[in-house]
Amino acid sequence: MNTRTLPLTLLLTCLAIALPAQRNPQPYFRNYSTEQGLPSPEVYCAFQDSRGYMWFGTDNGAARFDGYAFRTYDAQDGLASNVVFGIYEDARGRIWFGTMTGEAFILEGDTIVPYRFNHLVQRYRKRSVGTNLEYLNPEDETAYFVLHEVGVMIIDSLGNDSLITSASAVSRLIVEVEGIARSFFAPVVHRNSTEERLRNDQWEMKNKIARFEFISKQERSYIDLPASGKMATVRNIQTKKLSSGHLLIYYYHQLCCLRDGEVLWRIPFYFGLESQINEFIEREDGTILFCMSDGNGLRIYRDVEAIRKGVFEHYFSGLSVSNAFQDPKGGLWVVTQEKGIFYSSNLELLIYDSRFGFSDDFVSVIAFKNRNELYAGCPNGDIFQVDIKNNKITSRLATFYGYHNYDLLYQPETDLLWSNAAYWNGNRWNFVSEGRNRWTGKRNKFGTSKLEKLHINASGELLGCYSTGFAVIDIRNDSVKFLAQNTNLRERTFAIHTTRDSRVWVGNARGLFEFKDSSLISPGITHPAFHHRVEDIDEMPDGSLVFGTKGWGVVRWKGKDILQITTNEGLTANMTEDVHVDENGILWVGTLNGLNKVIFDASGHPAVRRFTVANGLPSNEVNKVKSYAGQVWLCTAGGLVKFHEPEEDTLSAAPVIQHLRANGAEVPLAAGLRLKHYDNSLEFRFLAINYRQNGRIPYRYRLSREAPWQYTKNLTVNYPQLPSGEYRFEVQGQNEFGYWSPSTTCAFTILPPWWETWWARGLAALLVLSSSFFYVRRRTAQLKMEAEIRQQVAELERSALQAQMNPHFIFNCLNSIQNFILNNDKQKAVEFLARFARLVRHNLNASVQGKVSLEEEVQLLDNYLALERERFNHSIDYEIEVEEGLADEEVHFPPLLIQPYVENAVIHGLSKKKGGGKVAIRFARDNGSLFVTIRDNGQGYRQDGSEKLTARHKSVGMSITQQRLELLGGMAGEAVRVKLLQGEDGEVLGTEVKVRVAAISQAPVNGKPA
């Protein structure tokens, strides 16, 4: 905006701004209503139980709050009367609810049951205009009910009841019970004494008094207090017995203070015709809270004398406050009938914002005029002069531009207030000169809309930085002495600071530089923080320079001593907004994540304390930190904060494990918990109660003491598929000061499956040993049996050879050779002898090698049958057939298995047949075995009913061969099958023998046997 074109009249108009309505500064209160889960914004009472849960009675049920969420109890849970006026706890941890109907209800676990003596109270339902459970003695469970216009009813745990009522027909009854630090007020009207009531009313109206009746230790006393006759009534009265012994009585717009039956003072207390005090609350520090109806909010008085003088702090104007409760941590809970619940964790920390009278909650800058006055600037350009002693706004200014206030500087010597590049004097803004116009000769105004980090050096020069550099202003003649944008130093600058030794340091986007001789000189340090954006600069008492960066935290630097402070040391963020060193040498760091206080010990090591909304700040956005006369002030997005450092709380609430689920099913928490091996997918849910942190509590957890901590802000932890073993789940919570709580633990065991138990493993080992023993024993027996079988096979083979080459056969063959020689048939003799020789050689080779090939077996049989055919003068014939493809395979099998059956066919089947005898042999494959069929057309086997052979002789060789086949793996009766061949008329046509041999076969190589 070009200021040169703005007329002076616009400037003066901007200054004529009326002061807004204002109130006292207030602590920051966090609001909870229906948006956060509260069942209703109309709340009547607040209470904290022994476990730390906050309870609230509303017109829509009771609500329990754990710092994260609300849990509502209503009719569905058994709370038949939903309007809850009072909440209490007994020694057994049960929660009692007093309701509008006068009935009480008790929460046991998660079940709400009616108070078993409700019927005693309900007897007076027609006489009483309202009944409330006013108090519960937690030890003996004695309940105190106030029955309006009847009296005070006391019921002990056994149901013994007593009614305390007044002696007069109309009375304002105040009952004090021994051992209970409170009094009970009950207006009493005896309706059966109409004449006496009228007489009493007339007497009070005539004398303009109100009679109160006190009952204490079974003694009665009366006191008459002045009252307006037209207001004679027993309603709208509130009483409170203070710890100091004072008794406060509010009645008929009067407030009276008594002690030991004497009236100390009485003052008017009028704040609305129908208004009343809902409740008196006394805090631990002795301050007294007045909870006001009809939008009159909350009044806080320091003591009884302040009540008499009418000195109080007023909060929640426009709201009706039902009740207030101070928790053990000092937090104040205020419940209203329009906007739910308000909570403050630090009542000493005060905030100046729109409620106080500022035009904006965001306060961006601050400057101090003196100990009792300051200036506060808002982003909209408004500047407010504040009397902080009396907490009121004394004036309101507006910047010439109406732009964001980036900085304010008050110059006490001249009583000037600087904002940007202008100063307030003579009820107007004045601008410094930026040289003269070369054409008109007039002075040019330096009208930048942003000039921050304002300070005056020892030479009386004003320095400040802005978006295109920095400026040095001679305030003695209102002129700009140096302007970076007119040089090669034109660069966005964020910080400028002059040290006590008059050195000027500049922070820009490239890092930290010293401004010297119209140049920016780098300190020549390689540390990366020196070469990134520097946001602010200040100086420690020892001359160390401290500067805040964007991303590198805060750096303290002096000579070769460089100390970087980041989130690792406890900072709320490494992106800083402001650094400030106060009068005590304490470093304050503002970030968008909260405030940091840094104290250095004797050796220079930093200790960081963090402050956030959990400590009462209205916002974590801390833009500027300033101090004056020992008081620290913060400019935040939620207002100007008069900071009060809370006492450090080293105790953090230990989390409570709310449930454990295994595979999604709830598991009861108990000592020595043992889970099945398949219940090993676990979910732990835990919760620590700390209302200051507003559900942002850090947690850490682990499964054993040796395991490293795992960190989270979630309330659940899942462990899928845990192996069997012993575990110890441990969880801790961290409070707002960074202290970890004691551990909450849950020890449990996941049992191994039965097959991993010691007894199962022992049994398995026993079984393995037993099996090994029996296996070895069986294998030994098997090997022994196999050796015996091999021996038997060898013996049978020798027997077969002997059976095949018996002397009778040899003799017949030699005899045939001799006949050929005698008959001078040398050719046949030679051929016969050659065949006989080959047959003998084949048999001898087979007996040595232990196996024969199919080709060798065919040749052996061919030689044998040829010899027999010669021997029988060609009266028999034979043929040998091999299945197609079988001859191409390498087939081996034990020797001397087929020949005995062929011999039997020739000798015993065809020897007596006169001509035309024939033997047919066929080799074939059948399911991996060699299948041999021997068929002859000779004399068959004749069998009787016992299946014994009776006609045809079964040779010894056949019997031996059958035993060999069975020993080689053939089933008895399956290795050899003999079939008698018969015609249709039963005539014997021959015999068929089928032999199954376990053969060893190999595939041919390149089409040929290997």
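Strand β7 and strand β8 (residues 104-108) pair in the antiparallel sense over 4 bridges, where strands are DSSP runs of E with at least two residues, numbered from the N terminus, and two strands count as paired if DSSP finds at least two bridges between them. The model is predicted, so that local features need pLDDT of at least 70 and side-chain atom pairs count only at pLDDT 80 or more, whereas totals for chains, interfaces and linings use all residues. Residues are numbered from 1 along each chain as its sequence is written, and side-chain values use heavy atoms, with hydrogens and water left out.

Within the pairing of β7 with β8, G98 stands opposite A104, and in the hairpin of these two strands, which has 4 residues between them, G102 takes a positive phi near 90°. Strand β6 (residues 84-89) also pairs with β7 in the antiparallel sense, over 5 bridges, and here E89 has I95 of β7 as its bridge partner. The hairpin of β6 and β7 has 5 residues between the strands, and G93 in this hairpin takes a positive phi near 85°.

Strand β7 (residues 95-99) is largely enclosed by the rest of the structure, because 5 of its 5 residues are buried, a term that means under 20% relative accessible area, with a 1.4 Å probe and protein chains only.

Note on methods: Buried means under 20% relative accessible area, exposed over 50%, partly exposed in between (1.4 Å probe, protein chains only).
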